[in-house]
Amino acid sequence: MQRNMCKTVTKNSLVKSNSNRSNYNTSNNVRVRFAPSPTGYLHLGSARTCLFNWLFAKKNNGNFILRIEDTDIKRHQENTITSIIESLKWLGINWDEGPDIGGKYGPYRQSQRLDIYNQYAQKLLKEQKAYYCFCTQEELKTQREKAEKEGKFYKYDRRCLNLSEKEIKGYIENGKEKAIRLLVPKDKTIVFEDTVYGKIEVNSNNIEDFIIIRSNGLPTYNFSVAIDDALMKISHIIRGEDHLSNTPKQLLVYDAIGFKHPIFTHLPMILGYDGQKLSKRHGSISIEAYREEGYLPEAMINYLALLGWAYDEKTTIFSVQDLIEKFSLHSINKKPAKFDPQKLTWINGYYIRNMKDEKLVTILSERIRVRIKEKEETKAKNQILVKSKTALNEKITKIVPLVKERVKTLKECDNLIAPFFFEVDYTEEIKNYFKNKDINPGKAREIIDKTTEALSLIGSWPSAPSLTLTPTHPKVSSEFTSTQIEEILRALSNKLNLDFRKFAEVIRIALWGSTISPPLFETIEILGKDETIKRLATYKAFLSPA
RNA sequence: GCCCUCGUCGUCUAGGGGUUAGGACACAGCCCUUUCAAGGCUGCAACGGGGAUUCGAAUUCCCCCGAGGGCACCA
């Protein structure tokens, strides 16, 4: 059987396939599009749809087109177009044709294509495949509500189809509001083969004569998409599953006009944790929000690709290049996917950990610079510890290896390293941390005093006669390095007969204002002797005498 | 109400007649450890239910149940 043959082939080529879905041509002229309506930020679901389109285009050397569906004047907001475009660019998605760069099938904004829709509507009218409807919206609404009350499915009763030419003429001359409806053929089976969902059959009797041009002259969605997709020579329509039920209507438009059908691929929905449609109450759902939270574009892409698609039984990490090579419409599954922020975060952490140090340095420098600027604009200017851009970069270069394995988002990283650049704010909780602890405030003072003393020695050696520590530690040199610091602090902790964990906790809290910090010895080195000693003193002041 | 879909660990998924039903996230434990991570090891955990076909069903078919989407002068 064909199925078996294909299975063999695909196993060899490591590409999964359902042969019965592969009867289409992807060898040339692949043209796909992403067609957002500008009503808000770029949503995770839309981003995933966009990504799949883009991957498919890249993989097949096709064209990826960006089109803005802004026919609904009431809902669309101009500024959101910019924001959507920004998000796409941030993700690294580029397009070959679009509203900003043009192209030979433009314009790429539906609001600029109104003449086209009207021309086709007139053509259908002339061919009697569509007809004027003079029913008012109120009338229709009443009818619909009545039907719903009776538990019936409402379908337009075609009353305007039976109007005489004279009546029509009369209405038009009187300037009565008119919409245009498509004349849906009776009892026709509409069939299409969806790449993901397989063969879909719908009887046209289930579809009413839907409006294609509204009384305000604007086209409705099912009409304009069909026309645009056909005119823009879109070969594969890849979009969310919520459009599956609309596809027959669009096919009716294709057929009425005589357009060739494209290939349809519907993607399973992305749902929230509770299985409901992903919405604001599930938390952040825009690409923009994740960008701000410190997620990397490559991590977003990787995670999004895994929603509804899998390559094999093991791999979870895919570079964009991997995805382009391995992506296939055949391996998209049907089940709706629940968005899992934890996994996204894990993937993001993975990308941070595996990022080249230099790249992280660049990214973090930029982010810290933003924070510095914020401080500069407030009265907290004196809290900034780093003065020059060079100093900042040098510092971050040293910091990156310490923190890249410890954070999952850039924001988390910013927070972890902030005390390198700004004075520490000690919370009440931190100030009182050692009350009722094994190490009481008095003991903590002692630790701080001794540590201060010991650290002071580094660099002032060998002229340090008061050093009580040196007998147990012969190798005090003049370099303020993490190795040196570690040796001295461990020796000190030992001498004080303390568990080093507890000893270190005092220092950590004093230096970082937190129980969590980057590795202590390196932190002290980078912070520098003076700042370290200064912070030890600052914190000591919060410790009430025993 | 009608139409269209979907149903494997908590989550993303692999698996398409014979598997100890595999991996990843999360979770738990242990190891490592100056905190937090990272890393290593181990564990927990799934075929919605019922029939049918078959020697054999997570896999094919039917019914039920559950879930999502659509049915607008929204996109």
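Lys 404 and Asp 357 form a salt bridge in which the closest N and O atoms are 2.7 Å apart, a salt bridge being a side-chain nitrogen of Lys or Arg within 4 Å of a carboxyl oxygen of Asp or Glu. This pair links distant parts of the chain, 47 residues apart, with Lys 404 in the loop between α14 (389-403) and α15 (410-417) and Asp 357 in helix α13 (residues 357-377); helices (H or I, at least four residues) and strands (E, at least two) are DSSP runs, numbered from the N terminus. The model is predicted, so that local features need pLDDT of at least 70 and side-chain atom pairs count only at pLDDT 80 or more, while totals for chains, interfaces and linings use all residues. Residues are numbered from 1 along each chain as its sequence is written, chains are lettered from A and ligands numbered from 1 in the order in which they are written, and side-chain values use heavy atoms, with hydrogens and water left out.

**Salt bridges**

- By the rule given above, the count comes to 30 salt bridges.
- Lys 404 counts as buried because its relative accessibility is 12%, whereas Asp 357, at 28%, counts as partly exposed; buried means under 20% relative accessible area, exposed over 50%, and partly exposed in between (1.4 Å probe, protein chains only).
- Helix α13 also holds both Glu 366 and Arg 369, which lie three residues apart, about one turn of the helix, and whose side chains meet in a salt bridge at 3.4 Å, N to O.
- Glu 366 is partly exposed at 42% relative accessibility, and Arg 369 is likewise partly exposed, with a relative accessible area of 26%.
- Asp 274 forms a salt bridge with Arg 281, with 3.2 Å between the closest N and O atoms; Asp 274 counts as partly exposed at 42% relative accessibility, while Arg 281, at 59%, counts as exposed.
- A network of salt bridges links Arg 33, Arg 67, Glu 69, Arg 113, Asp 228 and Asp 229.

- Of the atoms of RNA strand B that come within 4 Å of the protein, sugar and phosphate account for 73%.
- By class, this surface has 23 nonpolar, 19 polar and 27 charged residues, where Ala, Val, Leu, Ile, Met, Phe, Trp, Tyr, Cys and Pro count as nonpolar, Asp, Glu, Lys and Arg as charged, and the others, Gly among them, as polar.
- The elements that each supply at least two residues of the surface near RNA strand B include α5 (137-149), β6 (198-203), α12 (341-353) and α19 (500-512).
- A polar side-chain atom of Glu 208 lies 3.2 Å from a sugar or linking oxygen of RNA strand B.

**Strands and their pairing**

- Four bridges join β3 to the antiparallel strand β4 (residues 179-182), and Ala 130 has Leu 182 in β4 as its bridge partner.
- Strand β1 (residues 31-34) is covered on both faces, with Arg 31 and Arg 33 on one side and Val 32 and Phe 34 on the other, all buried.
- β1 pairs in the parallel sense with strand β2 (residues 63-66) over four bridges, and Arg 31 stands opposite Asn 63 in β2.
- Strand β8 (residues 236-240) runs parallel to β9 and is joined to it by five bridges, with Arg 239 opposite His 266 in β9.
- Strand β9 (residues 263-267) is mostly covered, as four of its five residues are buried.

Key:
Pairing = 2+ DSSP bridges. Near = heavy atom within 4 Å. Polar contact = N/O pair within 3.5 Å; in protein donor to acceptor, adjacent residues only side chain to side chain.
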